[in-house]
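Student: Please take a close look at one loop in this model and then place it in its surroundings. I would like a single connected account, in plain terms.

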There are 2 protein chains.
Amino acid sequence: MSAEADPIADELSELIFHVAGRLRGGFNAAAAELGLPPAQALVLANLSAPTPMRELAEWLSCEPSNVTGIVDGLERRGLVARRPDPADRRVKHVVLTEEGERGQAELRARGRAQAHALFGQVETEKEHLRDLLASVLAGSPDPCKSLRR
Amino acid sequence: MSAEADPIADELSELIFHVAGRLRGGFNAAAAELGLPPAQALVLANLSAPTPMRELAEWLSCEPSNVTGIVDGLERRGLVARRPDPADRRVKHVVLTEEGERGQAELRARGRAQAHALFGQVETEKEHLRDLLASVLAGSPDPCKSLRR
DNA sequence: TTCCATGGTTAAGGTCCTGAAGCTTTCCCG
DNA sequence: CGGGAAAGCTTCAGGACCTTAACCATGGAA
């Protein structure tokens, strides 16, 4: 149990939080302009293929009962629909409506613009930064599969 | 309005979110073991000098009315106290109790351990990673002052 | 068939957050 | 000096998020 000081790691945590906070702030602002609360916007932005509720819960790292409410909100706004799985009538797949596709495109466009603006600062070192972050994550296993594509 | 693709920036956003999520997950777990909800733990971990409510609100990027509730929680648990400012009787300074000092030490120790574990992966490049992240943040103005020390 | 596991929902309870309204205290300008 | 505007904090109403426990319907297997 190494109790070394490692002040650089402390700094790194703080920096990561700041950068993530900046990104999340921008994302939430974009979501608010579409009249969407953060969690609903997060799902909308990352949903592509029809996805069972349970899978969404895993991806969000929360309880399935919570996902019910979030998807309820998206459904109420007409951005998403529940489609029963013909093979297993217990599961319901969440799918984008056409309105949902538009909202997703809007959110993703804003996210891309924001990322481009933020990381333009390190234009010449983007690949390096990416590799460093990736190797940080490679340390411990992360069971989160991507929801996109 | 450059609408370039910039797929690296997209990747970077996702990576930042993942790393931050890992950190936040660990922090929240540590907080939960102390019986503290996330926001209260966040304040406890970062509070050092006596701090007016308004300043806390700025640091948390939220409305002052919200801070009231969070500090109420910490006060209810005996970790924090409200001390009136003798110079301006409108303001109340939030200060740590002895119990609060202990909780803060515990939270910070866990945070340090976690950061060390995570960023040990890039041992030889920590400084470089720090500089890259710092220059990302240098891009736009961030009015958030540190609460520590 | 019977039993149990699984996917999803409901209900109750707590935390976080906002906006509007209110209180006290301070500040400033006439 | 006096009176209004402004600042700091709280309260209230309302919404969103999240967890646990209980429940229903379906599926699978002994």
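Tutor: Ser61(A) is exposed, because 10 other C-beta atoms lie within 10 Å, and the cut-off for exposed is 12 or fewer. The model is a predicted one, and what follows should be read as a description of that prediction. Ser61(A) sits in the loop between helix H3 (53-60) and H4 of chain A. Its backbone deserves a check: phi is positive, about 55 degrees, although Ser61(A) is not a glycine.

Chain B has a counterpart to compare. Ser61(B) is found in the loop between H3 and H4 of chain B. Phi of Ser61(B) is again positive, near 55 degrees, in a residue other than glycine. Is Ser61(B) buried or exposed? Ser61(B) is exposed, as 10 other C-beta atoms lie within 10 Å.

H4(A) has the largest share of the surface near DNA strand D, with 5 residues. By class, the surface near DNA strand D consists of 9 nonpolar, 7 polar and 8 charged residues.

Of the 24 residues around DNA strand C, the nearest are Arg54(A), Ser65(A), Pro37(B), Ala39(B) and Cys62(B). Here the elements giving two or more residues are H3 and H4 of chain A, along with helix H2 (38-46) and H4 of chain B. The largest share of the surface near DNA strand C comes from H4(B), which gives 5 residues. The class division for DNA strand C is 9 nonpolar, 7 polar and 8 charged.

Ala45(A) belongs to helix H2 of chain A. Ala45(A) counts as buried because 21 C-beta neighbours lie inside 10 Å, where the cut-off is 20 or more. Beyond the neighbours within four places in sequence, Ala45(A) is in contact with Gln104(A), Leu107(A), Arg108(A) and Gly111(A). The C-alpha atoms of Ala45(A) and Ala105(A) are 7.7 Å apart in space, although 60 residues separate the two in sequence.

In chain A, among contacts with a separation of 6 or more, 55% join residues 24 or more positions apart. Chain A has 6 helices and 3 strands, and from the N terminus on the elements run α-α-β-α-α-β-β-α-α. Of the 149 residues in chain A, 26% are buried. Taken along the principal axes, the C-alpha atoms of chain A fill a box of roughly 55 × 40 × 25 Å.

The last step is the contact of one chain with the other. How many residues of chain B are in contact with chain A? There are 38 in chain B, in contact with 38 residues of chain A. On the side of chain B that touches chain A, H1, helix H5 (98-119) and helix H6 (126-137) of chain B each supply at least two residues. H1(B) gives the most to that side, with 13 residues. By class, that side of chain B has 20 nonpolar, 8 polar and 10 charged residues.

One helix pair shows how H1(B) meets the other chain. The axes of helix H6 (residues 126-137) of chain A and helix H1 (residues 7-33) of chain B come within 10 Å and cross at roughly 30 degrees. H6(A) is therefore roughly parallel to H1(B), given that angles under 35 degrees count as such. The crossing of H6(A) and H1(B) is left-handed. On the H6(A) side, the residues include Leu129(A), Leu133(A), Val136(A) and Leu137(A), and among those they meet in H1(B) are Ile8(B), Leu12(B), Leu15(B) and Val19(B). The residues of this helix contact divide into 11 nonpolar, 1 polar and 4 charged.

Note on methods:
Residues numbered from 1 in each chain as written. Chains lettered and ligands numbered in written order. Predicted model: local features only at pLDDT ≥ 70, side-chain atom pairs only at ≥ 80, totals over all residues. Axes fitted to C-alpha atoms, helices over the stretch in contact; angles between N-to-C directions. Helix = DSSP H or I, 4+ residues; strand = E, 2+ residues; numbered from the N terminus. Parallel < 35°, antiparallel > 145°, perpendicular 65-115°, else oblique. Left-handed = near helix turned anticlockwise from the far one by under 90°. Contact = placed C-beta atoms within 7 Å. Nonpolar A, V, L, I, M, F, W, Y, C, P; charged D, E, K, R; others polar. Near = placed C-beta within 6 Å.
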